[in-house]
Amino acid sequence: MKLSVPGRTAAAAAIAVAGLLTTTAISNAAPAPEAAATPKAAAAPDISVDNVKAHLADLQSVADANGGNRAHGSAGYKASIDQLKKKLDAAGFTTSVQEFTAGGETGYNLIADWPGGDDGQVVMAGAHLDSVSDGPGINDNGSGSAAILETALTVAREKYQPTKQLRFAWWGAEEIGMAGSSHYVDSLAGGDRSKISAYLNFDMLSSPNAGYFVYDDDPTIEKTFKDYYAGKNVATEPDDEGDGRSDHAPFQQAGVPVGGLFSGAETTKSAEQAQKWGGTAGEAFDKCYHSSCDGVSNIDGTALDRNSDAVAYAVWGLSS
């Protein structure tokens, strides 16, 4: 996350069989068959939090091998893109890497489309893959990147056949002003923008002093997430801290319905929030935000598990 805020109806016709004028008319119509039941939307599967953590460990290894970070313009960021693309290609996704320039450096967005579905109605899930230069970026935003990666790989393992087209995206250069997602939106023709029925953004899902925040933008998307958490008896709050600070903003500005999740960054958790969610009042949701200590130990496993399942719940629910 960057620092600045900027009727169906069915009818049966009776069939009359008429006799000759000298005989009695006989009705011989067969009863109409029952209408087929409306198929129910496929239920979202449970997302393996262990698999999500394994993806985070892979991202940590990339950072460790590349100067401790995965920042825009670095070898660590390009290695992160290559690592995810390899996994998605093997799973059967159609992937593409989009290049752009920001801050004098080449950046990359990774786009992965799942074959099938109505390409006139696209549900997108996205997360920024870059870290800041000061650390490996495991909560910010390896957590969102790993959650949507495992959701995508679960789509492939389940052989899910959505009604709408599914697209996953990993953005570059979010940390220097949402440059990657802005480039993607700006490069879309107007007709292609209007095909995106929902953009779901996941930026920081495992803050160690976690909160459960839901973007209060598009009402349908917001309700989808709130319904999931209500089913888990987890209270939520609207996301104020991250409003406009992540990659949903360029989509929203282009008129695309947006929504998403957030577990908190540098803002301090209140006593009321600690009573509701646990954790420590008076401390930041993530005291390692944008720091070198944002590594694999800087996550809350419960928040990561719940939020990863919420990603899948929304992806399945909104694409069925």
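Let me begin with a bond: in this model, which is a predicted one, a disulfide joins C288 to C293, with the two sulfur atoms 2.1 Å apart. For anyone new to the term, a disulfide is a covalent bond between the sulfur atoms of two cysteines. When the whole structure is searched, one disulfide is found. The torsion about the S-S bond of C288 and C293 comes to about -115°, and the disulfide is therefore left-handed.

Are the two cysteines buried or exposed? C288 has a relative accessibility of 9%, and because buried means under 20%, this cysteine counts as buried. C293, on the other hand, has a relative accessibility of 36%, so this cysteine counts as partly exposed.

Let me turn now to the helices, starting with a word on how we talk about them. Two packed helices are described by the angle between their axes and the distance between the axes.

Take helix α1, which covers residues 49–64, together with helix α3, which covers residues 138–158: they pack at an angle of about 130°, and their axes are 8 Å apart. Because of that angle, α1 is oblique to α3. As for handedness, the crossing of α1 and α3 is right-handed.

Which residues of α1 meet α3? On the α1 side they are N51, V52, H55, L56, L59 and Q60, and on the α3 side they meet I138, G142, S143, A146, A147, L149, E150, L153 and R157. Sorted by class, this contact of α1 with α3 contains eight nonpolar, five polar and two charged residues.

Just after α3 comes K159, which takes a positive phi of about 55°.

Helix α1 has another packing partner to show you, namely helix α2, residues 75–91, and here the angle is about 145° while the axes lie 9 Å apart. The crossing of α1 and α2 is right-handed. From α1, the residues making this contact are H55, D58, L59 and V62, and from α2 they are G76, A79, S80, Q83, L84 and K87. By class, the contact of α1 with α2 divides into four nonpolar, four polar and two charged residues.

Note on methods. Residues are numbered from 1 along each chain as its sequence is written. This is a predicted model: local features need pLDDT of at least 70, side-chain atom pairs count only at pLDDT 80 or more; totals for chains, interfaces and linings use all residues. Side-chain values use heavy atoms; hydrogens and water are left out. Axes are lines fitted to C-alpha atoms, for helices over the stretch in contact, and angles run from 0 to 180 degrees between N-to-C directions. Helices (H or I, at least four residues) and strands (E, at least two) are DSSP runs, numbered from the N terminus. Angles under 35 degrees count as roughly parallel, over 145 as roughly antiparallel, 65 to 115 as roughly perpendicular and the rest as oblique. A crossing is left-handed if the near helix is turned anticlockwise from the far one by less than a right angle, and right-handed if clockwise. Contact means heavy atoms within 4.5 Å. Ala, Val, Leu, Ile, Met, Phe, Trp, Tyr, Cys and Pro count as nonpolar, Asp, Glu, Lys and Arg as charged, and the others, Gly among them, as polar. A disulfide is a pair of cysteine sulfur atoms within 2.5 Å. Buried means under 20% relative accessible area, exposed over 50%, partly exposed in between (1.4 Å probe, protein chains only).
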